Amino acid sequence: MGRTLQNTMINLGLQNACDEAVYQLGLDMEELEEIEEDAGLGNGGLGRLAACFLDSMATLGLAAYGYGIRYEYGIFNQKIRDGWQVEEADDWLRHGNPWEKARPEYMLPVHFYGHVEHSAAGAKWVDTQVVLALPYDTPVPGYMNNTVNTMRLWSARAPNDFNLRDFNVGDYIQAVLDRNLAENISRVLYPNDNFFEGKELRLKQEYFVVAATLQDIIRRFKASKFGSTDTVRTVFDSFPDQVAIQLNDTHPAMAIPELMRIFVDIEKLPWDKAWDLTKRTFAYTNHTVLPEALERWPVDLVEKLLPRHLQIIYEINQRHLDHIASLFPNDVERLRRMSLIEEGGTKRINMAHLCIVGSHAVNGVAKIHSEIVKTQVFEDFAELEPEKFQNKTNGITPRRWLLLCNPGLAELIAEKIGEDYVRDLSQLTKLHEFVEDDLFIREVAKVKQENKVKFALYLEKEYKVKINPSSMFDVHVKRIHEYKRQLMNCLHIITMYNRIRRDPTKLFVPRTVIIGGKASCVRRYHMAKMIIKLINAVAQVVNNDPMVGSKLKVIFLENYRVSLAEKVIPATDLSEQISTAGTEASGTGNMKFMLNGALTIGTMDGANVEMAEEAGEENLFIFGMRVEDVTELDRKGYNAHLYYDRLPELKQAVDQIKSGFFSPKEPNLFNDVINMLFHHDRFKVFADYEAYVKCQEKVSELYLNSKAWTKMVIRNIAAAGKFSSDRTIKEYARDIWHVEPSDLKIPAPNEPREAAQDKTPNGTAA
C-alpha cells in the first residue's frame, strides 16, 4: 500500500489546505510525509495491483472490501553491504499505525488440525486448535466522491485458554509463552515473488485469511435484508447475486473448499446446491505462467492441517474427473492432466486447477498473457469451457501514480485539457493536439528536468552519490528475477563501458543506469542475490574508472519500495521492460513510467504489447524475440555458445565477468552466473543481447535530439489512458461481478441525504 497520508489528502481534496495549515505551524509537509513508514504488505506487482484496485473501486463507488493479513513484519528492508543484499526486519508498526482501527467486536475463530467424524448428520471437524482472527480496518477513500471503503486486515491472536484447556495441570508459564505459536501466523510476510515454497506456516496464513474473511462475508450477508427468507434451505439462494469474491492468484484458493465446508457441513445444503453457489461466487485471476510459481501443496500437509478440506477437494476432483470422463471416454492422459491432484512422487494439489474448476470466470492480466493461459497453460480447461476464460489488462491508479508523485506534470496536463482526466484517463488522448506545440514540448521537458534534479539531490542526500542530471536516466526497477533479465541490462552496461574505453574520444550519450529491486531470499533461489552482487561489482569498476568520467554511472537503488518508486519514476527517461517474451504476465511498472513521461525499451511481452498498440510501435523501443520466436528456439534447442562465439562484444563482456575483471579478489565469484548463462538459461539472455544493444543505440541517438525525444514522450502520455486501473475495474465490474460502477458523488456528511436510498445502486458487494 505504501504511504497513506498524501494519498488521503489528495483523494479528499485537502492537500492545499493541509499544506498551508502545516506551514502555518512552522512545519514542512514534505518532511512530515517522509516520516511515514511504507505499508509493505505484499511482494511486488501482485500486492501493488491490489492497492491500485482498492483506490479505483472506491473512486468508482463500488461497495468493495479488500481483505488480507496484517503482517507484523512486511517485505524486508534491503541493505546493500559490500555489494550483497542483506535483509532486515521491516518493523513498520514500531511507532503505531494511525490509519488502522482494531475491531475486536468482529473477532472470529479459525480452526486447524483435528480430525473429521462422519455420521448420518454429516461430517464434523473436531478436536481442532483454534486461533482468533482480529480485524483491523483501514479506510480507502475514493477520489473526490465522499466515498470511503474498507480494507480489513486480519491479525492472529491466541484464545485465552490456549494450551490451558487441555486439562494439563502442567506448566502455566510455558502455556502462556506458547501463545506465540498461534500468533506467529500473522508475524511475517513470505518474501517470495513468483516462487512457490511449500511451508506449513505459509499454508496456515493462506487458510487463516480465507476462513476469517468468509465468516465475515457470511455474517454480513445474513445481517442484510437480502439474506432473509423463511426456509432454511433457500437462505443462500441469492448469495452469488449479493457477493462476488475475486481470488488474487491462487494464494486464497482454499476459499473454495472452505465455502463448500460452510455450505455443506454447517448450513446443511445439499452438495450440488452448494457447488452451484460456490462456483457462481468465485472468480480467479491468474498472475503468472512460470511453473516454479504455481502453488502445488503436498496432500500430506493439507491432510494434517485441514483434514476436512482435503476430503472436500477429493470430492470436487472426483466429480470433476467423472464429468471429463463422460465427455472424453478412455482419455486417461487427459484425466491426468486435468486432475486437481498430481500423482507421482509426493501427491500434490494443483491450486490453479482448483481455482479454475471452482470459479465461473478465469482471467489473465494482459491480452498476450490471457492467450497463453488459454492456449498453453490451461488449454484442456479452456477447450472444455471457452466462455469461462477472459482478459482483464492490468492498470494503475492515476491518483498515486501521477497526481501524487508527479504534481508538475499533472498540473501541466490539467492546464491543457482540464482536470477531469484524473477520473477518466482516456481523456489524455486530447494531448495529441499538442504534440507539435513548441511551448508545451518545452514545458514537458522542463518538468522532467526538474524531477531529475530533485531525484539527484535525494540520491546525494540519502546515499551520498553524485549523478549528472543532464545524463539520460536509464531505469530498471522491479523485483530481481532471472526472467526479468537484469543480467541482460548488466551485459549492456559492460558493453557501453568497453566501448567508452576502446575510444574515449568518440561521442557518447551520457547515461546514469539505475537498477533497483529486492531478491527473494529463498535458500533455493540464490541466483537473484548473485545478480545484485554482479551489478554492484560492475558499478564499482565503472564508477571509479577515470577514462569513463561522467559518461556512464551505475547505481543500485537500495530498498526499492512504493515510496521510492514515487520518487524515481517521475525522474526516468528510459524505462527497461526487457523480460523474455511470454514470461511477464503484464507488468505495471511499465504503465507508471509511460504515464510519467519516460520512453520504454522493451520486448513484446505482457502489457508492453498493448502499450505499443496504443501509442504506435514506432513510439516505443521494441526489440527481440516474440513469443513465437521463443517457442521456435525452444523447439530447435537454445545454444548459448552460438551467440557467445558469434558476437565479439558479448564474448568480451562475458569473459570479463568470468575472469574476475569485476571481482579481482575473488576471480571465481560469478562462476554460477556464467554457468547458468551457458548451460541452463531458461530466459535466453544471449539470444536477445544483440537486438537489445542495437536498440539501445537507437535510444541514444534519439536522446541527442531533445525535441524529437519529448514529442515521443507526449505521444506516449497521450496513449496511456487505457492503463488506468479505473478502466480495469470497470471491466471486472461489468464482465465478472455484474455490478454497475457509479459516478454519483454521494453527499458530504454535513449535507442532507434526502432520497439516499434511490442513489444506492442495487447489486453485488465485491
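Residues are numbered from 1 along each chain as its sequence is written, and side-chain values use heavy atoms, with hydrogens and water left out. Because the model is predicted, local features need pLDDT of at least 70 and side-chain atom pairs count only at pLDDT 80 or more, whereas totals for chains, interfaces and linings use all residues.

Helices (H or I, at least four residues) and strands (E, at least two) are DSSP runs, numbered from the N terminus. Two strands are taken to pair if DSSP finds at least two bridges between them. Residues are termed buried under 20% relative accessible area, exposed over 50%, and partly exposed in between (1.4 Å probe, protein chains only).

Strand 8 (residues 129-141) is largely enclosed by the rest of the structure, because 11 of its 13 residues are buried. Its pairing with strand 9 (residues 148-157) is antiparallel and comprises 10 bridges; Pro 141 stands opposite Val 148 of strand 9. In the hairpin of strand 8 and strand 9, 6 residues lie between the strands, and Met 144 takes a positive phi near 55 degrees. Strand 8 also pairs with strand 4 (residues 101-102), in the antiparallel sense and over 2 bridges, with Asp 137 as the bridge partner of Lys 101.

Strand 5 (residues 108-112) is likewise joined to strand 8, by 5 bridges in an antiparallel arrangement. His 111 has Val 130 of strand 8 as its bridge partner. In a regular strand the side chains alternate between the two faces of the sheet. In strand 5, Leu 108, Val 110 and Phe 112 form a covered face, while Pro 109 and His 111 form an uncovered one.

Grid points are joined across faces, edges and corners, and a volume is the space filled by probe spheres set on the points. For lining composition, Ala, Val, Leu, Ile, Met, Phe, Trp, Tyr, Cys and Pro count as nonpolar, Asp, Glu, Lys and Arg as charged, and the others, Gly among them, as polar.

By this rule there are 3 cavities of 30 Å³ or more. The largest cavity has a volume of about 160 Å³. Its lining contains 14 residues, of which Met 1, Asn 7, Ala 51, Val 140 and Arg 400 are the closest to the centre. Helix 4 (45-59) and strand 8 are the elements that give two or more residues to this lining, which divides into 6 nonpolar, 4 polar and 4 charged residues. The second largest cavity holds about 60 Å³. Its lining residues include Lys 478, Glu 584 and Asp 605, and the lining consists of 1 nonpolar, 5 polar and 4 charged residues.

Arg 400, found in helix 17, is buried, with a relative accessible area of 5%. Polar contacts are pairs of N or O atoms within 3.5 Å; within protein, one must be able to donate a hydrogen and the other to accept it, and residues adjacent in sequence count only if both atoms are side-chain atoms. The side chain of Arg 400 makes such a contact with that of Glu 566 at 2.7 Å, and reaches the backbone oxygen of Arg 3 at 2.8 Å.

The second largest pocket has a volume of about 1,500 Å³. Among its 48 lining residues, Gln 6, Gln 15, Leu 403, Leu 404 and Pro 407 are the closest to its centre. Helix 19 gives the most to this lining, with 9 residues. The lining comprises 21 nonpolar, 10 polar and 17 charged residues.

Cys 52 is buried at 2% relative accessible area, and Cys 355 is buried at 0%.

Key: On a 1 Å grid over the protein atoms alone, a cavity is a set of points where a 1.4 Å probe fits but cannot get out, and a pocket is an open set with protein on both sides within 12 Å along at least five of seven lines; lining residues have an atom within 4 Å of a point.
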